[in-house]
Amino acid sequence: QHSIQSNTTWKTPSNIAIVKYWGKRDVQEPVNPSISFSLSEATTTTKITASPSEKGGFTFLLDGKEQGSFDKKIRKFLELAQVRLPLIKDHFLKIESSNTFPHSTGIASSASAMSALAFCLADLQHQITPENPLDISEVSSVARLGSGSAARSVYGGWNLWGRLTEIPESSDHYAVPVPVSVNPVFQKFHDDILIVKSEKKPVSSSAGHALMNHHPYRNGRIKQAHDNTLNLIKYLETGNLEGFIEMAESEALSLHALMMSSTPSYTLLQPNSLLLIEKIREFRKTKDIPVSFTMDAGPNIHLLYPDEYQKEISGWQEKELQPLCEKSRIIRDNVGNGPQKI
Ligand code: PMV
């Protein structure tokens, strides 16, 4: 009935978690709640062109080139998503993507990639069948099927994914904006990504999540993340930087400690990751400037600080931190406004 091609393009952000999602159950549901903020500069732009085709199918181009290595992940995602997005079954999808940052480095490229796919598909479905459009929590839920952290990349600002009985609007199926008004200190927060190593990481996040199933610290970790989530929401509201710093660093190091204590165990940190951590902690102590760090599942260090300290931090960053980065590379980012239709 609809023989014409349709297309749409969306630009969506990556995000950086402060309370980390680590471990899943069933179909991409988290074992613990997590909180992140969406980034402004680290984004994926994706165009999907849908052509009617009885067999379905897709092709994926990254920066204009066919990228077979992502086909399996996309195929699995499309299979799960077609329940809510029937166009997947009877259209051939040409997916064209580009990132503003290197993929598979521990910068969550899957978060921006999968949220971009979800927005494009929701939009195309709406073009084809205008009745019953997906609302934003359904887009988040679809994004989650591709990559858990992508559930949090459908909004700007600070977002929560994972059910806590204390927060009635929270869900394991989709993310919601944090249920408080965020203090100005955290509204223009910076995340400068210090690139320690930009190679593809040796152990994927999916493999890492799976190792949590029988992890000796599993229950302790779930409790820790639950408590940290409730406390972080309080800190975000009151502007408690001291509490934030303590927790952000503990979450980052706990994530890596869980990897180190998995069976089999593995390490993603590099010597320069640890040197950077030492430098950051020393600068904070001696200068009394509220700068801290977090990490994703990779060796890079994310430098976190409120906007008002940017000047004091930039000189030190250039002199002390940049020399420890691969090719002096730093990606300067901050809290972003969220997805955008192009
Ligand atoms: O979304 P995934 O499956 O790539 O997992 C991401 C996990 C972390 O980035 C390490 C933490 C998080 O909450 O984003």
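Buried residues make up 44% of the 342 residues of the protein chain, in a model that is predicted. The chain is assigned two parts, domain 1 (6-179) and domain 2 (186-334). Its secondary structure consists of nine helices and 14 strands.

**Overall dimensions**

- The C-alpha trace of the protein chain spans about 70 × 45 × 40 Å along its principal axes.
- The radius of gyration of the protein chain is 20 Å, which agrees with the value near 20 Å that a compact globule of 342 residues would have.

**Contacts along the sequence**

- Of the contacts in the protein chain between residues at least 6 apart in sequence, 75% join residues at least 24 apart.

- Domain 1 contributes 27 residues to the contact, and domain 2 contributes 34 residues.
- On the side of domain 1 that touches domain 2, the elements giving two or more residues are β1 (6-19) and β4 (34-52).
- Strand β4 gives the most to this side of domain 1, with six residues.
- By residue class, the side of domain 1 that touches domain 2 comprises 17 nonpolar, six polar and four charged residues.

Key. Residues numbered from 1 in each chain as written. Predicted model: local features only at pLDDT ≥ 70, side-chain atom pairs only at ≥ 80, totals over all residues. Domains from an automatic or database assignment. Contact = placed C-beta atoms within 7 Å. Helix = DSSP H or I, 4+ residues; strand = E, 2+ residues; numbered from the N terminus. Nonpolar A, V, L, I, M, F, W, Y, C, P; charged D, E, K, R; others polar. Rg over C-alpha atoms; globule rule 2.2 N^0.38 Å. Buried ≥ 20, exposed ≤ 12 C-beta atoms within 10 Å, placed from the backbone.
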